[in-house]
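Please look at the aromatic contacts and the helix packing in this model. A short report follows the display.

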Amino acid sequence: MNMKGQIMSLITSSGILPTLKTRIPRHDENHVREITVFQTKDFSIFDRIVGNRVPTTARAEKNINHIIKSIQKKYVPLPILVNKHMKVIDGLHRLEAHRRLDIPIRYIITDVDITVADIQR
C-alpha cells in the first residue's frame, strides 16, 4: 500500500482523526521512532503557551495572509506541533490560517518538555 493509501485507510469519522502512523528511520535500524499525525477541525482544543507570541500583530497578520494564499494555491499539509496539554509549540500562524479557511489542521503531539525559552530561540 502506498503512503496515500495508508493515510486514507486510517481516516475515521471521529472528532480527532489519526491520519498517519509511520516508522521514520533515523541513521540506522537501531534508531526508529513512530510518529502519529492527527487531524481536526475543532480548533478549540488548541491553546498557546503563555509567553509565546500572540498572532495579532501587523507582521503576524501578513504572515497569516501569506499562508492562506499559499494554501489556496497549493495545499501542503504541514502539521503543527503541540505538547500533551494541546498548547501550540510551533505553528500558531498555520493554525490561524486553517481556522480562517475552515479546513482541518494536522498536528503532532510531542512528549518532549519544551519551555517558552526553547520556543523563543
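The model is predicted.

**Aromatic pairs**

The structure holds two aromatic pairs. The table lists their geometry.

| Pair | Centre to centre | Angle between planes | Class |
|---|---|---|---|
| F38 and Y107 | 5.5 Å | 25 degrees | stacked |
| F46 and Y107 | 5.1 Å | 85 degrees | edge-to-face |

Why is the pair of F38 and Y107 stacked? The planes of F38 and Y107 stand at 25 degrees, and planes under 30 degrees apart count as stacked. F38 sits in strand β2, residues 32-40. Y107 sits in strand β6, residues 105-109. The pair links distant parts of the chain, 69 residues apart.

F38, F46 and Y107 form one aromatic cluster. Are F46 and Y107 buried or exposed? Y107 has 1% relative accessibility and counts as buried. F46, at 9% relative accessibility, counts as buried too. The cut-off for buried is under 20%.

**Helices α2 and α3**

Two packed helices are described by the angle between their axes and the distance between the axes. Here helix α2 spans residues 58-73 and helix α3 spans residues 92-101. Their axes come within 9 Å and cross at roughly 60 degrees. That angle makes α2 oblique to α3. The crossing of α2 past α3 is right-handed.

Which residues make the contact? From α2 come A60, E61, N63, I64, N65, I67, I68, I71 and Q72. From α3 come H93, R94, E96, A97, H98, R100 and L101. By type, the contact residues of α2 with α3 divide into seven nonpolar, five polar and four charged.

**Burial of α3**

How many of the ten residues of α3 are buried? Seven are, so α3 is largely enclosed by the rest of the structure. The buried residues are L92, H93, R94, L95, E96, A97 and H98. What covers the buried residues of α3 includes the helix α2. Also among the covering elements are β3, β4 (80-82), β5 (87-90) and β6.

Just after α3, D102 takes a positive phi of about 55 degrees.

Notes: Residues are numbered from 1 along each chain as its sequence is written. This is a predicted model: local features need pLDDT of at least 70, side-chain atom pairs count only at pLDDT 80 or more; totals for chains, interfaces and linings use all residues. Side-chain values use heavy atoms; hydrogens and water are left out. Rings of Phe, Tyr and Trp (its six-membered ring) pair if their centres lie within 6.5 Å; planes under 30 degrees apart count as stacked, over 60 as edge-to-face and the rest as tilted. Helices (H or I, at least four residues) and strands (E, at least two) are DSSP runs, numbered from the N terminus. Buried means under 20% relative accessible area, exposed over 50%, partly exposed in between (1.4 Å probe, protein chains only). Axes are lines fitted to C-alpha atoms, for helices over the stretch in contact, and angles run from 0 to 180 degrees between N-to-C directions. Angles under 35 degrees count as roughly parallel, over 145 as roughly antiparallel, 65 to 115 as roughly perpendicular and the rest as oblique. A crossing is left-handed if the near helix is turned anticlockwise from the far one by less than a right angle, and right-handed if clockwise. Contact means heavy atoms within 4.5 Å. Ala, Val, Leu, Ile, Met, Phe, Trp, Tyr, Cys and Pro count as nonpolar, Asp, Glu, Lys and Arg as charged, and the others, Gly among them, as polar.
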